[in-house]
Amino acid sequence: MSSGYISGKAFKSARGLRAFNASSRSRTGAYFLVLGGGLAAGYYAHESGKWDQKSGNSGSGGNSNWKPLLAGTTVINTASIPKSKGFKDYQEVYNEIAEKVHEEEDADDGAGRYGLLTRLAWHNSGTYKKSDNTGGSYGGTMIYKPEETDGENAGLSIGREFLSEFKEKYPWLSRGDLWTLAGVVAVQECGGPKIKWRPGREDIDDQQRVPENGRLPNAHLGAPHVRDVFSRMGFTDQETVALIGAHALGKCHTDRSGYDGPWGPSFNMFTNDFFVRLLQNWHIRKWDGNKQYEDDESNSFMMLPTDMALKEDGNFLKYVKQYAEDQDLFFEDFANAFSKLLELGITFPKDSKPFMFKTLEEQEDD
Ligand code: HEM
């Protein structure tokens, strides 16, 4: 992989031009940093208040090598598919991940790996910041502190470990491609919509490119926080609500997030059930853990404060109601928003066509 730190004027350099011109395909793959505003340590000092407040982590997560990017830095990530690899190769990887996912359906008290892998893909991508194009899925930076030790990522090492054998078997596959592809597998293999996906992310091992803590949402907070976080990535209210509908899958773990339990009974099937349940009646659970909600009907299922915020905010609620009534609409909007999430911050060649993978079941029928 080639990389470069390019000063504002150095746009003229051949590499800079290539990075800016999406139609000229970079075969070596490249990410570029464009420094616009010189040093501005205060910028990150301001951000550091948030890290501490939210996750209890220090900004550096104890990694003495880690330094934040210079303020005003603009990053360009150019997707590059390894030579000789095409749809068939990626479908092969999809199939292998899918087989292992199906083998482990009983894991995590019956939740399987669907929720875990969906969350890994989302957290790998959800650090994205549109204003400077930093964070996001491209570099697969979650193996590095402080991202690795972000409290919001607790438990995701289980997902990365689950996938590590595929990184060994397919060394040409980057971490970002592997983790986002596994998210596509997870959604599709438990009955969710088809997710358009494109390859070409490249491993970034430059410590400066690891995003600071505080970019992922904090479940204790309300609607303004949810809107802040998702609009920072470039999502509308409608896309935000659609994405959070993934909480139909998997569950919360007290030893990871401090929350407990699944959102509903069909937590290993992708449905619009999250929205249907959210519109029912909930009360605050009486327990000595984090503040969360419990359903009036069975006292068995949970909602996070940020989930309830979708019901309390008029514009979010509009979409909650639409998705509760119309699963097809939810599937369509989720598929578009999830695909966008996985590609945030990446410049793909203009002619690149997204892949749509067949599920294992569809391949049996062929
Ligand atoms: C306001 C936004 C969000 C907040 C605050 C939030 C917070 C959380 C928390 C606290 C957990 C429990 C983690 C654990 O204990 O293992 C969780 C789980 C989960 N989240 Fe979210 N989340 C948000 C948005 C999303 C989005 C956009 C997606 C996917 C597109 C998603 C997918 C999941 C899944 C699938 C799980 C279950 C994980 C498992 O079973 O291991 N979440 N989320």
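This report describes the fold, the ligand site and some local features of a predicted model.

Residues are numbered from 1 along each chain as its sequence is written. Because the model is predicted, local features need pLDDT of at least 70 and side-chain atom pairs count only at pLDDT 80 or more, while totals for chains, interfaces and linings use all residues; side-chain values use heavy atoms, with hydrogens and water left out.

**Overall fold**

The protein chain holds 14 helices and 9 strands, taken as DSSP runs numbered from the N terminus (helices H or I, at least four residues; strands E, at least two). Of its 366 residues, 57% count as buried, where buried means under 20% relative accessible area, exposed over 50% and partly exposed in between (1.4 Å probe, protein chains only). The accessible surface of the chain is about 15600 Å², and 50% of this surface belongs to carbon and sulfur atoms; the areas come from the Shrake-Rupley method with a 1.4 Å probe, and for residues only the protein chains shown count as cover. Among contacts (heavy atoms within 4.5 Å) with a separation of 6 or more, 76% join residues 24 or more positions apart.

**Ligand site**

His247 supplies the only protein donor of the iron atom of the ligand, through NE2 at 2.1 Å. Donors are N, O and S atoms within 2.8 Å of the metal (3.2 Å for Na, K and Ca); water is not among the atoms, so sites may look incomplete. Histidine 247 sits in the loop between α9 (237–244) and β4 (251–252). The ligand is surrounded by 25 residues, the closest being Arg119, His247, Lys251, His253 and Ser257; a residue is near a molecule or strand if one of its heavy atoms lies within 4 Å of it.

| Residue | Polar atom in the residue | Distance to a ligand oxygen atom |
|---|---|---|
| Lysine 251 | backbone | 2.9 Å |
| Histidine 253 | side chain | 2.7 Å |
| Serine 257 | side chain | 2.6 Å |

An open antiparallel sheet of 3 strands runs in the order β6-β7-β8. β6 (282–284) and β8 (302–303) are its edges, each with a single partner strand, so one side of each has no neighbour in the sheet. Strands pair if DSSP finds at least two bridges between them; β6 and β7 (residues 293–295) have 3, and tryptophan 282 has aspartate 295 in β7 as its bridge partner.

Tryptophan 287 lies in the loop between β6 and β7 and is partly exposed, with a relative accessible area of 24%. Its side chain reaches the backbone oxygen of asparagine 290 at 2.8 Å. Leaving aside residues up to four places away in sequence, tryptophan 287 touches Thr254, Gly258, Tyr259, Asp260 and Gln292.

In helix α11 (residues 305–312), 6 of the 8 residues are buried, namely Pro305, Thr306, Asp307, Met308, Ala309 and Leu310.

The peptide bond from lysine 145 to proline 146 is cis, with omega near 5°, and proline 146 is in the loop between α5 (114–125) and α6 (156–169). Serine 84 is not a glycine, yet has a positive phi of about 75°; this residue belongs to the loop between β3 (73–78) and α3 (87–103) and is exposed at 68% relative accessibility. Aspartate 109, also not a glycine, has a positive phi of about 55°. Aspartate 109 lies in helix α4 (residues 107–110) and is exposed, at 65% relative accessible area.

Technical notes:
Polar contact = N/O pair within 3.5 Å; in protein donor to acceptor, adjacent residues only side chain to side chain.
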